[in-house]
Amino acid sequence: MAHGFHGLDGLSQINPYKSVLSAKSVCYLLILFCIPIQLTAQSKELKQNVLRRISDTEYRPTFSAIAARLKTGTKKKFALLQLDTLLSKEYGDMFWMYGCTGLYFSTKKNLPAAYKKKIRECWKKFTPYRGDTENHFLMYYSSLYLMSQEWSNLPASEWFLGKSSQDIHKESEAYLNTWINRTVKFGQIEFDSPRYLYYFITPLVLLSEYTKDPAIKLNSKMMLEFLLADYAAKYLDGNFCGAHSRISNEQAYDTRNSEATSYGEYFFEDSVEHILPDIAFAAISSFNVPKIIRDIASSRKEPYSIHEIKRSRDALRYSAALNSPVYDYAFMTKDFSLGSIQGGLVQPIQQRSWSLTINSSQKDNIIFGLHPYVSEKELAAFFPEEPSFMLEKIEGVKNGYTSENKWVGGSPYEKIKQCKNEIECDYDIPPEEKYQHVDIFLPGWGKFLQRDSALIRIQYDSCIVEVAPRTKYILIPESKNFRLRLSLDSGKTSYFITCNRADEFNDFDTSSTLCAKDDMPEGLRKEDWLYYSKFLESKLGSGILKMKDGTHERILDFTTDTIR
């Protein structure tokens with residue numbers, strides 16, 4: 001298969017998160033994982049607890065779990081057998097690279113010399129795939145940067161790239177500096193991803209801990225804080241709120257099941273229930289998130305709005321610009337969050353343009369909608385393969401993309417306007433498009449208070465959600481939930497949604513009233529701010545992020561490489 005699609009499904013070799021449990025360990029693990037461990041966030045005790053729990057879980061071969069076992073002295077023989085598996089076959093990609101790098105550096109004092117030699121040989125003979133996305137490139141170049149630092153004087157013949165250690169190190173450093181500079185000034189591309197944030201945090205943890213270069217060490221630490229502060233502002237008791245550049249089918253209805261939740265709990269909470277193995281690298285490291293970021297993650301007494309600018313994925317075809325600004329907006333309360341982007345296509349396949357998250361203990365706690373757009377043009381815009389065969393190949397790596405019933409994806413025919421707790425979505429779909437409908441996902445555990453042709457009112461815990469479809473619809477039961485399917489009228493449909501606390505009900509605004517609303521302070525424009533909210537401020541292009549919580553401030557100044 002061509003490389004572009006090879007990298008689409010994340011872990012392209014063994015999925016380390018599928019545990020292989022012996023019958024003997026089931027009872028122990030039920031007790032261990034079903035009861036939260038109440039400890040202090042990021043304390044030495046919590047870090048040791050995390051390492052022990054990862055060590056005691058029988059994951060399929062994965063570098064981070066092996067590192068945890070070697071650090072704790074747990075099942076060392078078994079760990080080395082699994083390491084043999086990971087070092088024996090010439091498969092892999094950037095996911096293999098960052099895992100191998102993390103294991104090597106975090107267990108250098110524990111790793112037998114024979115295995116260090118095996119790892120060195122792998123980086124000479126293997127040809128791991130670089131990937132084609134922002135998180136792929138970070139994993140790839142951060143790994144090469146650290147490994148070329150470790151083996152700093154090797155000739156080109158000793159590297160799979162055919163370049164010397166010095167050349168690899170220089171190229172990797174240049175990429176890392178460029179990525180950091182563009183991200184802190186103009187926004188992240190794979191923004192707010194419940195899955196892929198995990199694959200930004202882990203390589204940055206490794207860089208900040210193991211690089212010898214003071215500037216890269218500081219900048220990596222600052223980038224960790226930058227991304228975690230962004231995450232904290234949209235964190236709601238384990239939920240990752242708002243629109244998402246990329247979200248998987250498995251997380252479509254509940255982001256608490258996502259990879260990012262592991263880091264959210266590790267950095268923001270006093271216990272880690274949703275534990276995944278790469279947290280071991282963070283637990284081994286010395287990095288601790290500053291208190292102000294933890295406070296941002298939990299301060300939900302008063303509602304607030306978030307204005308941000310991100311970037312679309314780099315366009316390879318059909319666009320004069322490499323990427324374009326994405327206006328990311330969210331309204332946060334302690335009971336719910338509503339977030340959106342302006343619509344259109346900003347990422348292929350896995351985009352989520354808007355979501356309403358109910359802060360509930362119930363499963364499937366997100367309301368969202370989409371037009372199930374399917375097109376070889378969408379794929380060709382962002383992937384390098386020949387457009388004519390992309391559609392027939394895509395189902396092999398992104399199951400469900402071509403389905404009329406899919407729950408993940410963007411559409412070029414969608415326009416969104418939101419202000420605080422109100423959102424309006426408009427669709428104008430040409431007749432030649434394959435699917436001529438729009439769907440809204442409604443969790444089935446809510447109580448229907450009203451349902452007629454003009455309005456659907458549902459109570460979800462303390463929240464009242466109102467959906468006003470502008471065209472005919474049908475309500476389809478689906479796995480204990482509902483699919484609200486809107487038909488088109490002359491190619492068009494739209495809907496208006498609002499959410500309120502049950503004791504704070506407000507009437508709908510008219511469409512014209514909503515479109516005229518803007519909760520930016522007078523004299524300020526959202527187009528000028530990378531971040532603008534009660535917690536985060538950064539002017540577009542400045543490279544300076546101010547975090548605020550009450551009277552406390554912390555400033556990341558990437559122009560002077562300082563934290564103050």
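This is a short chat about a predicted model of a protein.

Biologist: What is the mean pLDDT of the protein?
Modeller: The mean is 91, and 90% of the residues reach 70 or more. pLDDT is the predictor's confidence in each residue, from 0 to 100.

Biologist: Where does pLDDT stay under 50?
Modeller: Over residues 1-38. The model has 87 contacts beyond four places in sequence for that stretch. Contact means heavy atoms within 4.5 Å.

Biologist: What are the ground rules here?
Modeller: Residues are numbered from 1 along each chain as its sequence is written, and side-chain values use heavy atoms, with hydrogens and water left out. In this predicted model, local features need pLDDT of at least 70, side-chain atom pairs count only at pLDDT 80 or more, and totals for chains, interfaces and linings use all residues.

Biologist: How many helices and strands does the protein have?
Modeller: 17 helices and 21 strands. These are DSSP runs, numbered from the N terminus: helices are H or I with at least four residues, strands are E with at least two.

Biologist: What share of the 564 residues is buried?
Modeller: 58%. Buried means under 20% relative accessible area, exposed over 50%, partly exposed in between, with a 1.4 Å probe and protein chains only.

Biologist: Switching to Q459. Which strand holds Q459?
Modeller: Strand 12, residues 456-460. Q459 has 27% relative accessibility, so it counts as partly exposed.

Biologist: Which residues does Q459 contact, leaving aside neighbours within four places in sequence?
Modeller: G446, K447, L449, I464 and A502.

Biologist: And how far is Q459 from T261 in space?
Modeller: 26 Å, C-alpha to C-alpha. In sequence, Q459 and T261 are 198 residues apart.
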